[in-house]
Amino acid sequence: MEQKILEMLPGRLLPWYRENKRDLPWRVDREPYHVWLSEIMLQQTRVEAVRGYYTRFLQALPTVEDLAACGGDRLRKLWEGLGYYNRVNNMKKAAQVIVQHYGGRFPQTYDQILALPGVGVYTAGAICSICFGQPTPAVDGNVLRVVSRLLNDATPIDHPAQRRRVQELLAACYPVEAGDFTQALMELGATVCGPNRQPACQDCPCRDLCLGYQKGTAASLPVKSPKKAKRLEHRTVFILRCGERYALTRRPETGLLAGLWQLPDVEGCLTAEQALSYLEKLGVRMKQIIRTGTKTHIFTHIKWEMHGIWLEASQQSDAFCWMTEQEVESQAVLPTAYRQFWVERNM
Ligand code: SF4
């Protein structure tokens, strides 16, 4: 039954996709570097937000060789605002592998592509099907949602075994037009059968096949396992100004927000007195505390409760790097967690 439904899917989806697909910059060609970049950028980010980033990135780094040779700070600046900087760091590593091992030509087999740093089964499936016409499904949250509804399947989609099962079911029904089919599934999941709302079944080309529609369960699918609570961490952040310059530090090259700049901070929630004493121990001569304020930032597994203290110093110390506003904006990548304090620096 399941396989029969999926076998009829290409016949419904392909004509619909050709008629209805959105005009997106990464659909202009099937160049693997372009498809790869768009797929990495689209993970966790909306299509509309990605458009500008995608175009700017390719203007700055038009080839894999350019990406492989790009300096870390410039690369992170091109990615600033998208978050998940390890993705672009891995893209650079993968580009270096492509240059060194494949002479700059993108590898074409699934296993070679999957072996590149930062490339998982979803991205490898997308590149191989869209660029090289191979029957390799790209199963992300959108596709899992569509298949759950089509098959009226209440298995939690975050179970790795379910992802593998959907991958195998889809691989068995891939048509010759593999690239269009991959994109048609993504398109249906991003638009008509979208997340966080009632599916628009009246506009769906698969309505006559869809068990979720027929049984009235579509809106309650897919099922997800209950989320684990995030670990809560408190941090005290210093928005520390001395004359026209602000104190910044560089994060370690590994771990959370690796290699990015940040406003100085310390674990825990310091009182004003503790903060002044902490900074004076680092050699900063303090003038005054201007104000305080709290903000939150949520990562995949951690929640930061951030206690900001805006301060003015009368003398800098070597413990920090002191930058003007212009230097911060043009050279330093400040992750969103810290930028939310930075944007209020003059308030
Ligand atoms: Fe999704 Fe409705 Fe189409 Fe089924 S009929 S795939 S639930 S939009």
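## Thr-236 and its surroundings

In this predicted model, Thr-236 touches Pro-264, Asp-265, Val-266, Gly-268, Cys-269, Leu-270, His-307 and Ile-309, when residues up to four places away in sequence are not counted. Thr-236 itself belongs to strand β1, which covers residues 231–242. Its relative accessibility is 0%, so Thr-236 counts as buried.

One member of this contact set also takes part in a polar pairing. A polar atom of the Thr-236 side chain lies 2.6 Å from the backbone oxygen of Gly-268.

## His-297 in strand β5

His-297 is placed in strand β5, which comprises residues 285–298. With its neighbours within four places in sequence left aside, His-297 is in contact with Ile-302, Lys-303, Trp-304, Met-306, Thr-336, Ala-337 and Gln-340. The relative accessibility of His-297 is 17%. Because the limit for a buried residue is under 20%, His-297 counts as buried.

## The ligand site

The ligand is surrounded by Arg-149, Val-192, Cys-193, Pro-199, Cys-201, Cys-204, Arg-207, Cys-210, Tyr-213 and Ala-218. By residue class, this shell divides into 8 nonpolar and 2 charged residues, with no polar ones.

The space that the ligand takes up is the largest cavity.

## Backbone features in the loops

The peptide bond from Leu-221 to Pro-222 is cis, and its omega is near 0°. Pro-222 is located in the loop between α12 (211–215) and β1, the strand that also contains Thr-236.

Asn-152 is not a glycine, yet it has a positive phi of about 50°. It is situated in the loop between α9 (141–150) and α10 (160–171). At a relative accessibility of 26%, Asn-152 counts as partly exposed. Leu-257 likewise has a positive phi, near 55°, in a residue other than glycine. The loop that holds Leu-257 runs between β2 (245–250) and β3 (261–262). Leu-257 has a relative accessible area of 16% and is therefore buried, whereas Asn-152 is partly exposed.

## Gly-11 in helix α1

Gly-11 lies in helix α1, formed by residues 2–20. Its relative accessible area is 55%. Since exposed residues are those over 50%, Gly-11 is exposed. Between the C-alpha atoms of Gly-11 and Asp-29, the separation is 23 Å, and these residues are 18 residues apart along the chain.

## The chain as a whole

The protein chain contains 15 helices and 7 strands. Its C-alpha trace spans about 75 × 50 × 30 Å along the principal axes. The chain has 347 residues, of which 50% count as buried; Thr-236, His-297 and Leu-257 are among them.

Contacts in the protein chain were also considered by their separation in sequence. Among those with a separation of 6 or more, 69% are accounted for by residues 24 or more positions apart.

Methods:
Residues are numbered from 1 along each chain as its sequence is written. This is a predicted model: local features need pLDDT of at least 70, side-chain atom pairs count only at pLDDT 80 or more; totals for chains, interfaces and linings use all residues. Side-chain values use heavy atoms; hydrogens and water are left out. A residue is near a molecule or strand if one of its heavy atoms lies within 4 Å of it. On a 1 Å grid over the protein atoms alone, a cavity is a set of points where a 1.4 Å probe fits but cannot get out, and a pocket is an open set with protein on both sides within 12 Å along at least five of seven lines; lining residues have an atom within 4 Å of a point. A molecule sits in a cavity or pocket if more than half of its atoms lie within 2 Å of its grid points. Ala, Val, Leu, Ile, Met, Phe, Trp, Tyr, Cys and Pro count as nonpolar, Asp, Glu, Lys and Arg as charged, and the others, Gly among them, as polar. Helices (H or I, at least four residues) and strands (E, at least two) are DSSP runs, numbered from the N terminus. Buried means under 20% relative accessible area, exposed over 50%, partly exposed in between (1.4 Å probe, protein chains only). A polar contact is a pair of N or O atoms within 3.5 Å; within protein, one must be able to donate a hydrogen and the other to accept it, and residues adjacent in sequence count only if both atoms are side-chain atoms. Contact means heavy atoms within 4.5 Å.
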